[in-house]
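Dear colleague,

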Amino acid sequence: MAIFPPAQRIWWKEPIERSEILWITIALVWSLILFFMMPYWHLVGEQNLSNEAYRIKPDVFAERTEAMADKYTVREEGDTGTPVVHPPAGGDIYMLARLWEWWPVLELEKDQTYRLHLSSVDWVHGFSLLPENINIQVHPEYEMVITVTPNRAGEYSVVCNEFCGIGHHTMVGKIYVVDK
Amino acid sequence: MSNNADFRICPDTGFKIHLPADKLIKWNAVTAVVFLLVGGIFGLGVALTRWPAVHLLPADWFYLALTAHGFDVLLVWMIFFEMAILYFAGAVLLGSRLAAPKVAWVGYWMMLGGALITNIAVLRGDSSVMFTSYVPMQAAPDFYLGIIIFAVGALLGCFVFFGTLVIAKQEKTYEGSVPLVTFGAITAAIIAVFTIATGAIILIPTLLWSVGYVGHIDSVMYKVVWWAMGHSSQQINVAAHIAVWYALAAILFGAKPLSEKVSRMAFLLYILFLQLASAHHLLVEPGLSSEFKIFNTSYAIYLAVLASMIHGLTVPGSVEAAQRKKGFTNGLFEWLRKAPWGNPSFSGFALSLVMFGFLGGISGVMMGTEQLNIITHNTMYVPGHFHGTVVVGSTLAFMALAYWLVPVLWQRELVFPGLAKWQPYLFGIGMGLASVFMMGAGTLGVPRRHWDMSFADATMPYDFPGAAHLMMGLNGIAALIGGIGGTIFILNMVGTILWGKPKSKAAAEPEKPAAPAQPTVVSGYGSAGTMAVPGTFTLAMVFLVAFVLYYFVNWKYLAGVWGLS
Amino acid sequence: MSDEAQGDGANPVDEPIPFMQQVLDNPFLLLFIGITVPTVFYLIWGVMEIVSIPIAD
């Protein structure tokens, strides 16, 4: 029994029952499939996070985000005071996380590709694009660059899903995707 | 040195129990249950707040309760109970004296003191930083200090366990190799040492930072090192509850492992690779390469998943073999149908085994896949997964063990045996459903650790679909059912210890789990006497099919979202 | 008991313990590798990757 020492002095040489060996073989094959799905998806899949990241000072990231907003703001989001920015397709776009907002609102074109820069100027935040359910962690002093290709037009929300203090549940931003 | 006066012979099991070990096991187990109660109450507050129609707590109290809930159940309840398991698997199963009981007591009081310090810091309201306490968000210094003291206390407990192994071997209290259950406990203890060491590496600088001696803590670095503790601490639970499964199979059925070699090699794979899964938390983090993510998140080619799948066959397989030896040989499942479903030790064990695999296991592998993590990270899917591992897996297994261990150690009868019969079903099914509903909500993108999914105070609110609100409501109901189950468990344990009728030696209760007095029942198969286990194999194949289907369905979800590269 | 009979026949008392069984019977060796593997593959590798993240131009 498992609560007593093994009955045999040498248990290593015990033969193994057939169904046990069969199950181990099946489980090993499945483990290999699970493993190779990840590199395989890097080759054929269209959803892989890039490993492109940089150290960046929060004020530098904020400056770059503001520079983009100054150049390409098209309107204001309702009466929130947050600009809606429509940057040129194919270029660099920035979204900045801070207590407790995602800034600015972006307007992107469907089926165009953008280099999205994400960073925080204070605490750790969670970029959660809904209803797509794309979730990326956003750190202060690190800038992550992800190439995104929106595949459906519509109105998307960016919810913060990393706890960031008492106003965490109010931290919601927006991304519009328009046909062009 | 000890003499025989320091030992008692357990009348139920025949085990020779070192009295200082006896006392330590009892105190650690009782303290664990108290913290389960405290953490459970906070958890109920969390679930009822996230039920949109109830929305019980105000925001500050919600985040406070969530921090306390995570700390008290994920760390305090688990580690205290695991200390009891280590002393049991070391001193009692090996029939040895416990090494340095005084050190074990220092460890106990440090753990208790540390747990209280951190709880007070959280309850004060200035340390609602969640269990993970990601920097640069800062808690009060005593929040970190309490965890460090707790961890050092637990480390002392691990040393006492390893010391006991040495003593037992030197004093030849057993022959040959240690029992498989003790081997599982060794696995848990090894993971615990790594866990605690990494916890110290990250929390000591964080403590110094919180009092101003250190200027800056890098937030990604913090996460990498913190999760070496945070995730590994849950791997201690996995190793410990699998040891408990083997123990319960032996205690309830006189079951012998199908193969010592296979089960021990599976534990060895845990020792080698299980802790790499800390990388599960870093899959959508900036700056870590895909090579690092793939190698670590897969526990080096899923070898720890392979180990879990092996245990998933060998534990029920050993029960099936034992039952077949007893004559339950009809069809595939007579052995299972004729199992003691009214005995909470068995029903808790069986539910823990099945739900850990189907809910916690499958979801963990799915979510821990590099790319699939993108569609689950930090959503309600994550707590859904770990309520499927830590709650219906580990906690339920520990409850099942407690139904046997507490009456045996205290030599008292259970106070509410009728309620105990239902308890594993209430708790297991309630929390199992909670796990499912949380995962459902996560699939719809509902964030975890979030006070208000209706975004009433947000300037640009997002409208979740009705189904998401429904899921969170159902989660609240399921958590209530589970909470009733948890309450019955605690009442039973506390009641038994305080007011339980002393066991009379003459009274042979038929309800009582079969006492493993002598390893005579069914210890003889392994080679020539090897038993086929067709029923278990069939169940394992059902599990595999569910696993494969669910895994690929999620790839299909992923394939539909925005292109990312 | 069948396996004891088997055991006596298959494992004479002087037969050396197989290597892997010796490894599994040595908790301190297991402790060492159980700490080394995650320290090297997870902690050290992870920390090195973070340290080598370039600075934004």
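Why is strand E11 (residues 154–160) of chain A largely enclosed by the rest of the structure? Five of the seven residues of E11(A) are buried, so the strand is largely enclosed; a residue is called buried if 20 or more other C-beta atoms, placed from the backbone, lie within 10 Å of its own. Strands, of at least two residues (E), and helices, of at least four (H or I), are DSSP runs numbered from the N terminus.

Before going further, please note that this is a predicted model, in which local features need pLDDT of at least 70 and side-chain atom pairs count only at pLDDT 80 or more, while totals for chains, interfaces and linings use all residues. Residues are numbered from 1 along each chain as its sequence is written, and chains are lettered from A and ligands numbered from 1 in the order in which they are written.

E11(A) pairs with strand E8 (residues 125–130) of chain A in the antiparallel sense over four bridges, where pairing requires that DSSP finds at least two bridges between the strands. In this pair, A:Phe127 has A:Cys160 of E11(A) as its bridge partner. E11(A) also pairs with strand E12 (residues 172–178) of chain A, again antiparallel, over six bridges, and there A:Ser157 is bridged to A:Lys174 of E12(A).

Turning to chains B and C, their contact takes 36 residues from chain B and 23 residues from chain C, two residues being in contact if their C-beta atoms, placed from the backbone, lie within 7 Å. On the chain B side, the largest share, six residues, comes from H5(B). That side divides into 23 nonpolar, 12 polar and one charged residues; Ala, Val, Leu, Ile, Met, Phe, Trp, Tyr, Cys and Pro count as nonpolar, Asp, Glu, Lys and Arg as charged, and the others, Gly among them, as polar.

Between these chains, H6(B) and helix H3 (residues 27–51) of chain C pack at an angle of about 170°, with their axes 9 Å apart; axes are lines fitted to C-alpha atoms over the stretch in contact, and angles run from 0 to 180 degrees between N-to-C directions. That makes H6(B) roughly antiparallel to H3(C), a term used for angles over 145 degrees. Among the residues that meet there are B:Val220 and B:Met221 in H6(B) and C:Pro38 and C:Tyr42 in H3(C). The residues of this helix contact divide into 10 nonpolar, one polar and no charged.

With kind regards

Methods. Buried ≥ 20, exposed ≤ 12 C-beta atoms within 10 Å, placed from the backbone. Parallel < 35°, antiparallel > 145°, perpendicular 65-115°, else oblique.
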